[in-house]
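Here are some notes for a colleague who works with computed structures. Please read them alongside the coordinates and the sequence.

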Amino acid sequence: MSNGNSSRETQKRKLKRQVIDAAAEERTEGHFVLRRVLPVAVLLAVLIAAGIYFYFSYRVFDTLETVWEKETQEDGGSAESFRGYELFAKGFLRYSKDGASYVNGDGRTIWERSYQMQNPIAAVNGNYAAIADQGAQSIYIFSDSANTGVASTVLPVSRITISRTGVVYAILKDDRADYITAFKADGSGIDLSIKSIITGDGYPIDIAVSPDGTELLTSYAAIENSQVVQKVIFRNFDEVGKAADARRVVGGFTEEFDGHLVGRVNFSTNEYSQAYYDGGIAFFSTKVLTSPELLFRDEFEEEINSIAYSDKYVAVILNTNGGEMPYRLVIYKVNGGRLAETLFNFAYTGFEIDGNEILLYNESGCRVYDIRGRERVSADFPMQVSVMRKSGFPGEYLLGGQGRLMKVKMR
C-alpha cells in the first residue's frame, strides 16, 4: 500500500511540474511576443497622434457645418434700440435701450431684464456684467444667473468697468470735475470717491479694475505748465492702498507717454496690466502692490486699428497702410512676451480672443488664428452674424445674430 501511494504522489508531483513548466514556457513566449509587438504599437500610436496633431494644427478649415440652430428669445426691443452683444459667461449678453438678456451656450435664455436707457454701455468680466445709461444715473449689475442689483448714482455716468467679483467702478461727471466711485454686486455703494480736475490728476479717459476688484488703473489727460500731459495711475483699495496715500495711489507713469494719448487700459490678471496708446503698448506688473513696474513697451510705426485681450493673451491689429495685406495681427502674453505676428487682408468687424484662439469675423464669414499666428479657419457663415465665440468643444463655435443662435463645427 505504501509503495502504491508513493508512486501516485510521485506521478502527481511530476504532472504538476509539467503544468508549471508549460505555463512558464507560455509566459516566456508571450513576453517575447509582447516585447516585439509593444514597441511597434507604441510607435504606431505616436505616429497616429502626431498625424492628428499636424492635421488639426496646420490644415485650414474652409467649411463650418451646422450642429444645431435655435431661435433666441428677445427682450422685446426694436432693431433701432439694439446696441450689441458681449461675450459673457458661457454664452452671450445681448443689450439694447429696452433691456438685456443672457443666452447660454446651449441656446437657452437664462434671464431677461427690461429697463429704459437712452445710451446703454456694457462692461463684462467673466460671470459678471454691468450695463449703465451713459449720461444718466443708473447701473444694472448682473451675474450669470440673475440681475444682482441696480446702482443709482448722484451724477451722470461716463464710463464703467467691472471685476470678476462683481465690483463696479464708475466715472461720474459734473461741470467742474470727474469722480470715480464704486458699487458692490448688489448695487450698494462702496465708501470711496476720487475727485479729479483737469489741472490735478486730469480728465479720466479710461479705467480698468483687477479681477479681484482691489486695484484700479486709470489713464488721465492733464494740463501741467500749460501743456497736455498723459498719466497712467495705479490705485489700491485694499489694506496696501490705505497705508500708501489718501487717494490710494501706489504708482504712476507720465514721462513714458510724452506726446501720446493712452486711450485704453486693461487688467488681464491681478498681477499684469496694459496701457494702449497711439504708438504702442505698455505692459505693467503689480506683483509688488506698493510699486507697480513697467515691464516692457512695444512701439509701432503703424496705427493701432483694434485691440483684444483676455486673462492670458493680448492682441492688436495694426494698419499697414494699404497693399495686398492691409492689416498686421500681433499677439502677446499678458506680461509683454511677443508670441506671433501675421499679415492678413480680411475685412473684419469683430475681433476677440477666446481661449487659445483669435477670432476675426464680419457678418458673412470669419478667420480664426491660433496664438502662434497660424490660420485655422477661413470660412463663410451659414447665417448673418453679429457675434462669434468658441463653444465648449474643440473646433466648434457659437454664432449669434438676427434672433438666432447657432453652433457650428469646422470641417
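1. Which residue of strand 4 does Tyr95 stand opposite? The model is a predicted one, and in it the residue facing Tyr95 is Ala100. The two strands concerned are strand 3, residues 91-96, and strand 4, residues 99-103, which pair in the antiparallel sense over four bridges.

2. That pairing belongs to an open sheet of four strands, whose order is 2-3-4-5 and whose pairing is antiparallel. Its edges are formed by strand 2 (82-88) and strand 5 (109-114), each of which pairs on one side only. On average, and with direction ignored, neighbouring strands of this sheet are turned by 15° against each other. As a general point for reading such a sheet, side chains in a regular strand alternate between the two faces.

3. A further antiparallel pair is made by strand 22 (residues 304-309) and strand 23 (residues 313-319), which are joined by five bridges. These two strands form a hairpin, with three residues between them, and Ile304 stands opposite Leu318 of strand 23.

4. The second largest pocket deserves a separate entry, with about 260 Å³ of space lying in it. Of the 13 residues that line this pocket, the closest to its centre are Lys90, Gly105, Lys390, Ser391 and Gly392. Sorted by class, the lining of the second largest pocket comprises six charged, four polar and three nonpolar residues. Empty space of this kind is shown by rolling a probe the size of a water molecule over the atoms.

Terms used: Residues numbered from 1 in each chain as written. Predicted model: local features only at pLDDT ≥ 70, side-chain atom pairs only at ≥ 80, totals over all residues. Heavy atoms only, no water. 1 Å grid on protein atoms, 1.4 Å probe; cavity = no way out; pocket = protein on both sides within 12 Å on 5 of 7 lines; lining within 4 Å. Points joined across faces, edges and corners; volume = space filled by probe spheres on them. Nonpolar A, V, L, I, M, F, W, Y, C, P; charged D, E, K, R; others polar. Pairing = 2+ DSSP bridges. Axes fitted to C-alpha atoms, helices over the stretch in contact; angles between N-to-C directions.
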